Amino acid sequence: MFVVITAEKVEKLSNWFIALSYSLRVKIALLLFEEGEKRVSDIAERLKVRQSSISQHIKILRDTGVVNPRREANNIYYRLSPEFEEFFSALIKLPPIAEG
């Protein structure tokens with residue numbers, strides 16, 4: 001069966017896969033998926049990575065629509081965008097690909 005999708009959706013999917021092409025960004029997405037919204041400092045502490053590194057990767061995740069920010073006073077919290085979260089949930093539930 002062939003699924004027809006719009007050029008806009010193909011572009012969005014391409015950007016998401018590019019964003020997930022680096023393992024730290026996958027770890028960030030998994031953390032936000034499993035634990036909900038977090039600040040950059042929370043993510044850095046949890047993943048044991050420098051805050052500056054997390055900030056750089058969060059920018060890419062923001063630019064590609066993977067995460068959305070929410071400001072509360074002086075803090076910015078990041079969470080997965082609803083559309084990406086739905087996609088990511090389906091993606092991580094896929095059965096493993098058999099080797100061979």
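Two residues are in contact when heavy atoms of one lie within 4.5 Å of heavy atoms of the other. This report uses that term for a predicted model.

**Lys38**

Leaving aside neighbours within four places in sequence, Lys38 is in contact with Leu31, Leu32, Ile43, Ile76, Tyr77 and Tyr78. Lys38 belongs to strand β1, which covers residues 38-39. Is Lys38 buried or exposed? Its relative accessibility is 16%, and a residue under 20% is called buried, so Lys38 counts as buried. The side chain of Lys38 also makes a polar contact, at 3.2 Å, with the side chain of Glu35.

**The chain as a whole**

The chain contains 5 helices and 3 strands. Read from the N terminus, the order of these elements is α-α-β-α-α-β-β-α. Along the principal axes, the C-alpha atoms fill a box of roughly 50 × 35 × 20 Å. There are 100 residues in the chain, and 29% of them are buried. Of the contacts between residues at least 6 apart in sequence, 50% join residues at least 24 apart.

**The nonpolar core**

In soluble globular proteins, nonpolar side chains tend to be buried together. In this model the largest nonpolar core has 21 residues. The members that touch the most other members are Ile28, Ile54, Ile58, Val66, Leu80 and Phe84.

Not counting residues up to four places away in sequence, Val66 touches Trp16, Ala19, Leu61, Arg79, Leu80, Ser81 and Phe84.

**Helix α5**

Phe84 is also one of the buried residues of α5. What covers the buried residues of α5 includes α1, α2 and β3.

**Helices α3 and α4**

Two packed helices are described by the angle between their axes and the distance between the axes. For α3 and α4, the angle is about 115° and the axes are 9 Å apart. Their crossing is right-handed. On the α3 side, the contact is made by Val40, Ser41, Ile43, Ala44 and Leu47. On the α4 side, Gln51, Ile54, Ser55 and Ile58 take part. These residues divide into 6 nonpolar and 3 polar, with no charged residue.

Notes
Residues numbered from 1 in each chain as written. Predicted model: local features only at pLDDT ≥ 70, side-chain atom pairs only at ≥ 80, totals over all residues. Heavy atoms only, no water. Core = buried A, V, L, I, M, F, W, Y, C linked by side-chain atoms within 4.5 Å. Buried < 20%, exposed > 50% of the residue type's maximum accessible area, 1.4 Å probe, protein only. Helix = DSSP H or I, 4+ residues; strand = E, 2+ residues; numbered from the N terminus. Polar contact = N/O pair within 3.5 Å; in protein donor to acceptor, adjacent residues only side chain to side chain. Axes fitted to C-alpha atoms, helices over the stretch in contact; angles between N-to-C directions. Left-handed = near helix turned anticlockwise from the far one by under 90°. Nonpolar A, V, L, I, M, F, W, Y, C, P; charged D, E, K, R; others polar.
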